[in-house]
Every structure is written in structure tokens, then in C-alpha cells.
Amino acid sequence: MKDRKKADEGELDYGNWVSLKLIYVPGAAGLAILILTPLVPLLLVPSLVLIAISSYFAYARHLFSPRGKDISRQVRRMVLTNIGGQGKGRGLDIGCGNGALAIMLAKAYPEMMVVGMDYWGKDWGYSSSACERNASIEGVGDRVTFQRGDAASLPFEDDSFDVVVSNFTFHEVRGVRDKGSLVQEALRVLRPGGWFSIQDLFLLKSAYGDLDALLDKMKDWGAEDTRFIETRNSEIVPWSLKLPFMLGTMGIVAGRKRARSVLEE
Ligand SMILES: C[S@@+](CC[C@H](N)C(=O)[O-])C[C@H]1O[C@@H](n2cnc3c(N)ncnc32)[C@H](O)[C@@H]1O
């Protein structure tokens, strides 16, 4: 119903990285426990902790939202600053959510055809229909298509894109312990000479292990001119979002896929 109203009003909906569940669950639990504190005074501490957690996520949601500081948009924009070339051909956004980065890519490169791909699971309120609606409102509906797929096994041929981007997706992929393997899969579908720019929690050791080791392995997977940009230190990131599981371990790996030599052909 709410979605329908938004569509009727032609309102963009790129969602929010902080789900309402993260606010409501600890908030409701904290208040429920607070009611019991006259009987069990010791419950005051856990109750206040839960309310503090809920308040933190509510504040973070506000910061990410367009009605707040629109941090998500600024974070996504950093992904696009690492793409060179003519801006033509085909682009791919892996884990496109409600299509924000895919649409941004299409708007930045008016001659590019863009594919936004996501598995649109239940955890997020994202959907292909919201993507299509957003693309149409943004005026790029004729150049951006959306399809379901899994970042761990991309439904595309080798070497099929000129540009591959992704934002805040790989750490969310379940069932893949070493998130570095998702970078390898992204490079597989990039054509030799093509550009990639992937932003994620690359400094979160539990997801990626040692970053230098990953950058080394990327050479074997065909990447060249690879650099790591510590976007967590960008001035757009307020200190309150620098927790490790928020933006505090964020960075971009960007570069190109090596052109194949005649000997490799
Ligand atoms: C934090 S959201 C980021 C969405 C989007 N990139 C953005 O910038 O708003 C993480 C996204 O990863 C997607 N995702 C998680 N696991 C995935 C998988 N195995 N394959 C494709 N997408 C996945 C989720 O559906 C969600 O859209």
C-alpha cells in the first residue's frame, strides 16, 4: 500500500541500509524490560543498553536517509569515481538493492547499457519492481535492466561487461566464508581491459582475511592497476558511523582487468 502510494507520487525509494527491525526489536525489548524494573531493579541496565542500541540505529538510519544526511548516496558516488574509459558498452552492478548504484552508473554514462542484479531475499525490502520504478523516475528506464542472480555464481558469461561495480553487497552474501572469492567471480565476468570498482567492508578480517593477500590474489585473477581506497576515512563519513560493522572497515578495491596477451589466447 505504502509502495503503491510512493509509485503514484513518483517518489524514489532506494531503501535504507539500516532496517526498521534493527530499531524496533531492541527498542521494544528494552521498553518491555523497563516495565519490569520496579520488580527487578537489576533489569534497568540491560533495558537501557537495548534502548541505546535502538536509538543508535534510528540515528544511523536518519543519517543514511535522503531526509537526513543522505550518506548512502554519497558513499555510492565514491564507487563511480574509479571508473575510467569511454563509459560505453555494458555495466553491471552486483547486489543492486533497489537499483541506486546501477541507476547512478547509467546516469553518469549516457551511452552505457546497465544491468542491476540482486537475489532480492527477504532480509531487505528491496525488489526488482522498485528498481524498475526508480529507473523510470530517474529517466534511464530504457538503458537499465534488472535481473535476479547470486553474487557467488553470476548468471553471466566470462568477459561480458565493460564495467563491474558493487556496493556493500559481498559481506552480506551468506554461505560464502571467504568473501574474496566474490571478487574473483566479479572479475570473471569483466572483459579484459574493463574497469571494476567494488566497495565493501574490506578491512573486516572475518569477511576478507588479510587485505594484502587478497590484493595479491587479485593479480592471479587477472586484475591490474589495482588500488585500495580507504573510503572509511572519507570526510563524508561521520564518526558515529565508524563502527566496524557500519562504515568503519569500508574501502574500495578498484582497477582494470588485464588485457590478454596473444600467448594466453
Ligand atoms: C546493504 S544492501 C546494498 C544494496 C545496494 N548495493 C546499495 O548500495 O544500496 C546489500 C544487498 O546485497 C544483496 N545480496 C545479498 N546476498 C546476495 C547474493 N548472494 N547475491 C546477490 N545479491 C545479494 C541484498 O539483497 C541487498 O540488496
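Entry 1, terms. I take contact to mean heavy atoms within 4.5 Å. I note that the model is predicted.

I looked up the pLDDT of the protein chain and found an average of 93. A pLDDT of at least 70 is reached by 94% of the residues. I then turned to residues 1–8, where the pLDDT is below 50. Beyond near neighbours in sequence, I find 5 contacts for this stretch in the model.

I read the domain assignment, which places domain 1 at 17–64 and domain 2 at 71–257. How far apart do the C-alpha centres of domain 1 and domain 2 lie? I get 33 Å.

I looked for contact between the domains: 8 residues of domain 1 touch 15 residues of domain 2. I find about 1,000 Å² of area buried between domain 1 and domain 2, with 68% of that coming from carbon and sulfur atoms.

I searched between domain 1 and domain 2 and the rule gave 0 salt bridges. For polar contact, the rule gave 3 residue pairs across this interface.

I count 10 salt bridges in the structure. I picked out Asp123 and Arg174, whose side chains meet in a salt bridge at 2.4 Å, N to O. I place Asp123 in the loop between β2 (112–118) and α6 (128–137). Arg174 sits in the loop between β4 (161–167) and α7 (180–189). I note that the pair is 51 residues apart and links distant parts of the chain.

Technical notes:
Residues are numbered from 1 along each chain as its sequence is written. This is a predicted model: local features need pLDDT of at least 70, side-chain atom pairs count only at pLDDT 80 or more; totals for chains, interfaces and linings use all residues. Side-chain values use heavy atoms; hydrogens and water are left out. pLDDT is the predictor's confidence in each residue, from 0 to 100. Domain bounds come from an automatic or database domain assignment. Buried area is the accessible area (1.4 Å probe) that two parts lose on being put together, summed over both. A salt bridge is a side-chain nitrogen of Lys or Arg within 4 Å of a carboxyl oxygen of Asp or Glu. A polar contact is a pair of N or O atoms within 3.5 Å; within protein, one must be able to donate a hydrogen and the other to accept it, and residues adjacent in sequence count only if both atoms are side-chain atoms. Helices (H or I, at least four residues) and strands (E, at least two) are DSSP runs, numbered from the N terminus.
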